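Reader: Hi! I'm new to this one and would like to chat about its aromatic rings. Could you show me the structure before we start?

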Amino acid sequence: MSEYVADRDRQRAFVSGFTGSAGLALITHKEALLWTDGRYFLQATQQLSSRWKLMRIGEDPVVEAWIADNLENDAAVGVNPWCVSVESAQQWQQAFSKKNQRLVQLEKDLIDEVWKDRPQSSVYPVAVHPIQFAGKPSENKLAELRAKLSENKASALVITALDEVAWLYNLRGRDVPYNPVVHSYAVVTTHEAFLYVDGRKLTPEVKEYLTSIGVQSREYSDVLDGIRLLTAGESCSRLREESGGEISCPDGNGELERSTGVADDTAIEEKLKGKGGLVWINPGNCSFAIYKALPAEQVLLQQSPLVLAKALKHPIELDGFRKSHIRDGAAVVSYLAWLDEKMQEVYGAGGYFSESKCSNKRKRLESDKLTEFSVSEKLEQFRAKQEFFMGPSFETISSVGANAAIIHYAPDADQCAEMEPESIYLCDSGGQYLDGTTDVTRTVHFGKPSPHERTCYTQVLKGHIALDIAVFPNGTTGYALDILARIPLWRSGLDYRHGTGHGVGSFLNVHEGPQWISFRPRARNAALQKSMTVTDEPGYYEDGNFGIRLENVLIVKEAHTEFNFGDKGYLAFEHITWVPYQKKLIDESLLTGEEKQWVDNYHQECFKHLSPLVSGSDLEWLTKATEPLSVR
């Protein structure tokens, strides 16, 4: 149920060849279809073979409608119940029932049956996330969670989202690339807390920490047995204590066993039923397998209370966000200065500041060539020099020319494009730091950009600024704000197929809800609130030509307005990303006076924050890059 998964769990990529982070594959006896959203239309057309049919979400029928229209009335549709959410399964079941079609939970995953060289599970040690970065102790988070259980008359919460488990217990891991999470489940009752995890990952220090915060560790594979107990009573160990040792733990089938001294099994069962209560699970990310292990009448299907709690950042987390973004900005500036120099040296490019065309047409040695992949590796080296760096926060999107039009393009070391001085270069990257997670996109040109490229870049910049300076009342959702970033583009007949912003975790997943800035319906579900983080990343993409995106991370803050209509209180944004915009790509004639001032002010702040962290030629480059717009 995670957006990003370990290599051994990339089943859809294995069977289809499509590597995007969002998509669904359907295989029938005669056909193979793949559904994905607008971010991946171009990528999917390139990765899918002719045996696959691409289904464009928002344009083609949804999967359940296609099944109803194309499969026989009594069709059985098989799924791995561990890989389908409760929400999706129930939606499909309802749709299938109209034609007597049915959803079948497969006991064996059919992909596993044919994936003979599936990667092995890795065993990385779990780490405690220090309070100096986490801000709030796990004990406090557990107390607040239990208050939510009481409010909702629930006796337990089953936590299946990996970042929620990590956040709740202040733990981090390395089980999923780019995301510091641990393959695990958490179960919290009104009196106890459990962590289901491969025991080999727990060091003595982590075991001692878990004990200190009142968390009991159990083997990952035992999660269903533990969950089945929840509807019979609060927990095996607590019930054993209250019954004077009369009750033992469940057997392999999850059934309660009677120990010595008790003659009547029925009496035990009745005692346990009296202690049962609602078990809370999140239908959006809890697997159907877990849901089916519980009596439906004792399940509370509702968004996890940890989703919002995690999104509302602690002041210490916000301070870490600000500091990590300054260090990250210094790394990106050093990278751009290095790349500028190399593009001029190797390709004779005019460079970051000059609008002259490439002057060097000589044949280059293979060792001299710069590729999308090789330069992205250099960017990681610059980040690795920064304090608290733990690795990239996602696979770097380093793309030149036509590849930049592939929204979530990731270069392959053996097949990627060579850098091109007369084409746009788009770099979307981020870092995982102990004190924060970063995500920044800049689009640059090392030659002479065309008037059309400058116009498109400037319209994207105008939308980027419009969202940054927005002031809005409490209760406003990202669905309402999304249009602000698109209006400048719409005026020119331009647009983009992805959302405009996503939440960002604190040394956690780079994509985090419940807040989104998007045209998609899910952005209506949660209002933006003070202390949330969100990105601002409009773009424009021309298939086969170029792509443009500009991205900063923002913190939602209180706005100081002259009036306070309706006593709602008003909110605004604080940008915390510090990397200059390329002035030669800006058509100043398209900017208003306010927008020009915004760019100049931003560049002044960039210099103030980053100049203490760079020196020599990097400082010279930063100085020139942050000069006022009128200075070229």
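This is a predicted model: local features need pLDDT of at least 70, side-chain atom pairs count only at pLDDT 80 or more; totals for chains, interfaces and linings use all residues.

Reader: Nice. How many aromatic pairs does the structure hold?

Author: There are 17 aromatic pairs in the structure. One of them is Y581 with Y602, a tilted pair with 5.0 Å from centre to centre and 45° between the planes.

Reader: And which parts does that pair of Y581 and Y602 tie together?

Author: Y581 belongs to the loop between β29 (570-575) and α19 (593-610), while Y602 is in helix α19 itself, so the pair ties together parts 21 residues apart in sequence.

Reader: Are Y581 and Y602 buried or exposed?

Author: Both Y581 and Y602 are buried.

Reader: Okay, what about W598 and Y602, how is that pair arranged?

Author: W598 and Y602 are stacked, at 5.4 Å centre to centre with 10° between the planes. They sit four residues apart in helix α19, which means about one helical turn separates them. W598 is buried too, like Y602.

Reader: Changing topic: which residue lies over the face of W167?

Author: That's K141, at 4.1 Å from the ring centre of W167.

Reader: And what lies over the face of Y496?

Author: R486 does, and its distance from the ring centre of Y496 is 3.8 Å.

Technical notes. Residues are numbered from 1 along each chain as its sequence is written. Side-chain values use heavy atoms; hydrogens and water are left out. Rings of Phe, Tyr and Trp (its six-membered ring) pair if their centres lie within 6.5 Å; planes under 30 degrees apart count as stacked, over 60 as edge-to-face and the rest as tilted. Helices (H or I, at least four residues) and strands (E, at least two) are DSSP runs, numbered from the N terminus. Buried means under 20% relative accessible area, exposed over 50%, partly exposed in between (1.4 Å probe, protein chains only). A charge sits over a ring if NZ of Lys or CZ of Arg is within 6 Å of the ring centre and within 35 degrees of the ring normal.
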